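This report describes the charged side-chain pairs of a protein structure. The sequence and the model are shown first, and the pairs are then described in turn.

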Amino acid sequence: MSNETFQQVVMEVMERFAFMFGEESDAPAPDANGDYLHASISFQSETAKGELRLTVPLSLGTDIAANVLGVDPSEATPAIGEDAVKELLNIICGDLTARMFGKAEVFRLTVPTLTRLDTKQWKACSEAEGTFRLLVEGRPVLASLAVK
Amino acid sequence: MAYNVLIVDDSAVIRAVVSKTLRIAGVDVGEIFQAANGKEALEVMASKWVDIVFADINMPIMTGIEMVEQMSITGILETLPVVIISTERSETRIEQLKAKGVRAYLNKPFTPENLRDVADQVLGPGKDAGAAGKEPSKPGETP
């Protein structure tokens, strides 16, 4: 599967779940200050396994939560933002595995995990092989897929 | 008459979205109970009257599939409809769940219309709800 399809799934789910639009971008992180949310999920079937990762600025995580819940961003706490980012990745994973392997294949997905990254760690993530970068609402989003 | 709903998902965001969407969709909702995994959900079912369960698959401690299997063993699945709301899109998985007794399956993300259609399909449009809030949804009891 092409990286282009992966990007398309990420952007489509971002639109349908969070009502946000993304565009591909090679621009550097616009804001070097602040925390980033780094979520990961693994999937496995009888024939394939892999891992998806998604990294977003904390502020975008809370905005995603606010959009999903239909509340003012000031009402969305960082904890709710973390929850929303994990669920976003969960949906991306379900969509992507169906497109990659077809709807007959049954996958076991792990519960998404999440860690906080600082700017230095974000930079390392952005330079990792297989990572692509999007701009969502003007903020950088990193996504990567590893399939075995 | 209003339906008592149990929403089972480890994501608080999704539980809130399902709760809000049910009301937006015009489903006649009574009490809404929430659980973060299948084990918590079974405890709610044992102590509260529930008319319909909306459950995720992929949860820690006890998955939605394990919860459905447990409900089947105790017999409660015969009288308490379960709708799975999940990110998984495998048609094989959906058929397996329906064979286990799950009434309907809905993909995330969903629209209010999707949720309304599923509620109508499972509960019947305009059908009177059970005796909301009266008795726990114990095995063998008919709501």
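## The pair A:E12 and A:R99

A:E12 forms a salt bridge with A:R99, and their closest N and O atoms are 2.3 Å apart. A salt bridge here is a side-chain nitrogen of Lys or Arg within 4 Å of a carboxyl oxygen of Asp or Glu. Because A:E12 lies in helix α1 (residues 3-18) of chain A and A:R99 in helix α3 (residues 78-101) of chain A, the pair ties together parts that are 87 residues apart in sequence. Helices (H or I, at least four residues) and strands (E, at least two) are DSSP runs, numbered from the N terminus.

A:E12 is partly exposed at 25% relative accessibility, and A:R99 is likewise partly exposed at 38%. Buried means under 20% relative accessible area, exposed over 50%, and partly exposed in between (1.4 Å probe, protein chains only).

## Basis of the model

This is a predicted model, in which local features need pLDDT of at least 70 and side-chain atom pairs count only at pLDDT 80 or more, while totals for chains, interfaces and linings use all residues. Residues are numbered from 1 along each chain as its sequence is written, chains are lettered from A and ligands numbered from 1 in the order in which they are written, and side-chain values use heavy atoms, with hydrogens and water left out.

## A pair between chains

B:K108 and A:E87 meet in a salt bridge of 2.8 Å, N to O. The pair joins two chains, because B:K108 lies in the loop between β5 (104-107) and α5 (112-123) of chain B and A:E87 in helix α3 of chain A. B:K108 is buried at 2% relative accessible area, and A:E87 is buried at 4%.

## Network and total

A:E12, A:R16, A:D95, A:R99 and B:R89 are linked in a network of salt bridges. Over all chains, the whole structure holds 16 salt bridges.
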